[in-house]
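Dear colleague,

Please find below the structure that I am handing over to you. My findings follow it.

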Amino acid sequence: MLAYITRRLVYGLVTLLALSMIVFSLLQASGGGPLDRLKLNPRMQDLIAQLTKDWGLDQPLWRQYLTWLWNYVTPNDFSPLWVPLVAIAIAAGVTFAIVKLVKYQWKGAAILAVWVLAVYGAVTNMTIRFNWGISFQGFGDVWDLVFSRVGATFRLGFTALAIALIIGIPLGIYQAIRQYSFFDQLGTMGAFLMFSTPIFIIGVGLQIILALYLEKWTGVKLFFVTGMNDPGYANLSLIQRIIDTIQHLALPAISIALISLAGYSRFQRASMLEVLHSDYLRTAKAKGLPRRKVVVKHALRNAMIPIVTLVSLDIAFMIGGAIITESIFGWPGVGRLYITAIAGIDYPVVMAIVMVIGIGIVAMNIIADILYGVMDPRVRYD
């Protein structure tokens, strides 16, 4: 497994390097530049010349890229240095012991737990900052700018993911068990409807029906259509803060969850049906095992494998935020920042966000592959 993880990490680094080259080249070839708005004023020529030199825009494209790449991976504040080194050394030693001593079916989970604890311990006991540059739009340090929005994006994304998983997976399982029933047909129709409806239609529809019309019909404001918190949030009591958070979070989270929910239910249904018609399930039924035990213990574990991939990719994309949803609901997350950066041709911010999303996708794919071995003993990494 160590050789497999190492190989995947190398492939991941190559993929990220190629991604950075492609995105950087596309941004440069898209037309326009971050100083175009200043060129309309003839009095700004001296300032334009100074900013062009300071930002390195007068350099050849390859030199600009190498400068950006070096700065992106260079720690600006990375202390104390002994903490990550000790964490990596301990995790590597424990991983070696797990490979030699732990039974195969538990190796993946044990190794994953060890490295999660190592990373958590290192991050919480040290200061990490990378030199991602300064925003061309005057928003300040890119590292601070991006990570000031990550909390809002995670709040929205993980709430939507929780809703989708809690409803979507049981829905798919029940549809598979009750194949071709009225409930199955209704769930299939609803899933296809959600798939075919653009996210901005869902978001605006929820705003109109559950916020505006519902308030008009009931006389009570249950949901808000924009923002993350009330302006007087700091002065509210704990209960009022929880209620305010739910009122602002509900509609954008539901709009994202509806599409993910449709996907999870369809994949879970298809995977469950495939497992239910397998030979070993027929054998379990022939032995007289209770239906609940056959479904939960024998079928569900293998049927969950495709969902692992979907969930891992969804978590990675949450780092970038639900771009359209955040724009519709005025949610101050990374996705909304990404739209603003593209509109302002803010290269450092766009590159930082794209690479964070890419790193998240690569990392979550590796984690998903490890979880395959935990959930299905037939998976081998040799």
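**Helix packing and nonpolar cores**

The axes of helix H7 (residues 142–177) and helix H8 (residues 182–196) come within 8 Å and cross at roughly 135°. Axes here are lines fitted to C-alpha atoms, for helices over the stretch in contact, with angles running from 0 to 180 degrees between N-to-C directions; helices are DSSP runs (H or I, at least four residues), numbered from the N terminus. H7 is therefore oblique to H8 (under 35 degrees counts as roughly parallel, over 145 as roughly antiparallel, 65 to 115 as roughly perpendicular and the rest as oblique). Leu171, Tyr174 and Gln175 of H7 make the contact with Phe183, Asp184, Gly187 and Thr188 of H8 (contact means heavy atoms within 4.5 Å).

This is a predicted model, in which local features need pLDDT of at least 70 and side-chain atom pairs count only at pLDDT 80 or more, while totals for chains, interfaces and linings use all residues. Residues are numbered from 1 along each chain as its sequence is written, and side-chain values use heavy atoms, leaving out hydrogens and water.

The largest nonpolar core has 34 residues. Such a core is a set of buried Ala, Val, Leu, Ile, Met, Phe, Trp, Tyr and Cys residues joined through side-chain atoms within 4.5 Å, buried meaning under 20% relative accessible area (1.4 Å probe, protein chains only). Trp68 and Trp132 are among the residues with the most contacts inside this core. H16 (347–375) is one of the helices that each supply at least two of its residues, and H16 gives the largest share, 13 residues. Apart from this core lies another, of 29 residues, including Leu161 and Trp331.

Yours sincerely

Note on methods:
Buried < 20%, exposed > 50% of the residue type's maximum accessible area, 1.4 Å probe, protein only.
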